[in-house]
Amino acid sequence: MTVPPPRLRADACPGALQTHAAADGALARVRVPGGALTTAQLLDLAAAARELGDGALELTSRGNVQLRGLGPGADTELADLLSSAGLLPSPAHDRVRNVLASMLSGRTTGGSVDARPWAAAFDAGLWADPSLADLPGRFLATLDDGRGDVAGLGGDVGLFALPSGDVALSLAGADSGVRVPARDAVALALAATRAYRDERAARGGTAWRLAELAGGADAVLTRLERPAGSSPRPLPGPVDGGPVGAVPQLDGRTAVVAAVPFGRLGATTADLLTGLPDLQVTPWRSIAVPDLDPAAATVLTGALRDAGLVLDPADPWLRVTACTGLPGCAKSRADVRADAAAALAAGALPADGARQHWAGCERRCGRPRGEVVDVVATLDGYVVG
Ligand code: SF4
């Protein structure tokens, strides 16, 4: 008797080309490796949101950007726009370019290397290899310059710069014990990514994350033929969020970091960044605008605050996240974002500083890692716990 192959679940992770049919229209997710965008690219995305979608950009917990409410046929126009903007270098690798890099790396204190070249080189290595287009859309790489901000975000493959100058390879969110000089780090991360791809394929291609794969990190190390030379060390845990407000840079200039409530950045707010330098989208749903002189930083801070963004580290908005809810998700039992905003306005947040995640059902999409109080909609109201 012939044994049929295991039935593979389709990889439903949305991309820029493979959109997701949400209740409020099609949803496209644009990968932004390292969170690095030119302001011109952000403005192109804002224009697309205005003309093709619901008028806002959604920042995701992987530092990517989503457009919602796309109408029938908008995907072709969006793909053309993204290609022209340099945001779709390899259509085949559209969904796998999930790369987080330390916030303001190379510009502010805390790291021992500049992770920006790592992110660019790792991304280029991904889409230069046709076999890596087979990675699942949930693949994640974390490139941490040593400040410990993204190492705890659960990457399948990651780099963590050590004070010694060497770099630790992390696999499935934990230190593998493998160390390499910084100059060899990206090549090692790419080799580990290929080993994960090969091991996953050998085991039927059903695991979405390295942590779900039988053998996991050990199987990758075996394929790499890299014995773990050092005792693995604990990596930093998930952080609550990066800094917000005016952040001093090493070169004397200033970065302005603004958190975006629920990650929804209106196209008109994005327009406020016209003419400014490059920026970084962070996994804490904020945007970091670097390389400003103090006067420009003050002006930008005021403009973004007036537009509803959060620049005060004590602002309670920094403690509240929410899933999509109604009207974007048909599974939701409530408009959780509106309800959470109303609770904030009423001062109903707990005073103990706890973070809250509001969700329209038990799936709790978008729940941050770490200590979080869940506020889940039921048919009888919200359950907190
Ligand atoms: S948690 Fe439930 S309601 Fe919220 S986005 Fe996910 S599936 Fe939809």
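1. In what order do the five strands of the open sheet stand? The model is predicted, and in it the order reads β1-β2-β5-β4-β13, with antiparallel pairing. β1 (20-22) and β13 (264-266) are the edge strands, each with a single partner, so one side of each has no neighbour in the sheet. From one strand to the next, the twist averages 35°.

2. Look next at β4 and β5 within that sheet. Strand β4 (residues 56-59) pairs with strand β5 (residues 65-70) over three bridges, in the antiparallel sense. Glu58 has Gln66 in β5 as its bridge partner.

3. Glu58 also has a charged partner. Its side chain meets that of Arg337 in a salt bridge (3.4 Å, N to O). This pair links distant parts of the chain: Glu58 sits in strand β4 and Arg337 in helix α8 (residues 336-345), 279 residues apart. Glu58 counts as buried at 5% relative accessibility. Arg337 is buried too, with a relative accessible area of 14%.

4. Other salt bridges deserve a check; the whole structure holds 23. One of them joins the side chains of Arg97 and Asp123 (2.8 Å, N to O). Arg97 lies in the loop between α2 (74-84) and β6, and Asp123 in helix α3 (residues 115-128), so the pair ties together parts 26 residues apart in sequence. Arg97 is buried at 5% relative accessibility. Asp123 is buried at 8%.

5. Glu362 and Arg333 form another salt bridge, with their closest N and O atoms 3.1 Å apart. Glu362 is in the loop between β17 (356-359) and β18 (373-378), while Arg333 is in the loop between β16 (320-322) and α8. Glu362 is partly exposed at 44% relative accessibility, and Arg333 is partly exposed at 35%. Elsewhere, salt bridges with shared partners join Asp24, Asp54, Glu58, Arg68, Arg264 and Arg337 into one network.

6. Strand β6 (residues 99-101) runs parallel to β7, joined by three bridges. Leu100 has Thr142 in β7 as its bridge partner. Both faces of β7 are covered: Ala141 and Leu143 are buried on one side, Thr142 and Asp144 on the other.

7. Asp149 is buried but has no salt bridge; Arg147, the nearest side chain of opposite charge, is 4.6 Å away. The Asp149 side chain instead reaches the backbone nitrogen of Met103 at 2.8 Å. Residues that Asp149 touches include Ser102, Val239 and Trp284.

How values were computed. Residues are numbered from 1 along each chain as its sequence is written. This is a predicted model: local features need pLDDT of at least 70, side-chain atom pairs count only at pLDDT 80 or more; totals for chains, interfaces and linings use all residues. Side-chain values use heavy atoms; hydrogens and water are left out. Buried means under 20% relative accessible area, exposed over 50%, partly exposed in between (1.4 Å probe, protein chains only). Lys and Arg count as positive and Asp and Glu as negative; His and the chain ends are not counted. A salt bridge is a side-chain nitrogen of Lys or Arg within 4 Å of a carboxyl oxygen of Asp or Glu. A polar contact is a pair of N or O atoms within 3.5 Å; within protein, one must be able to donate a hydrogen and the other to accept it, and residues adjacent in sequence count only if both atoms are side-chain atoms. Contact means heavy atoms within 4.5 Å. Two strands pair if DSSP finds at least two bridges between them. Helices (H or I, at least four residues) and strands (E, at least two) are DSSP runs, numbered from the N terminus. Axes are lines fitted to C-alpha atoms, for helices over the stretch in contact, and angles run from 0 to 180 degrees between N-to-C directions. Lists of a residue's contacts leave out its neighbours within four places in sequence.
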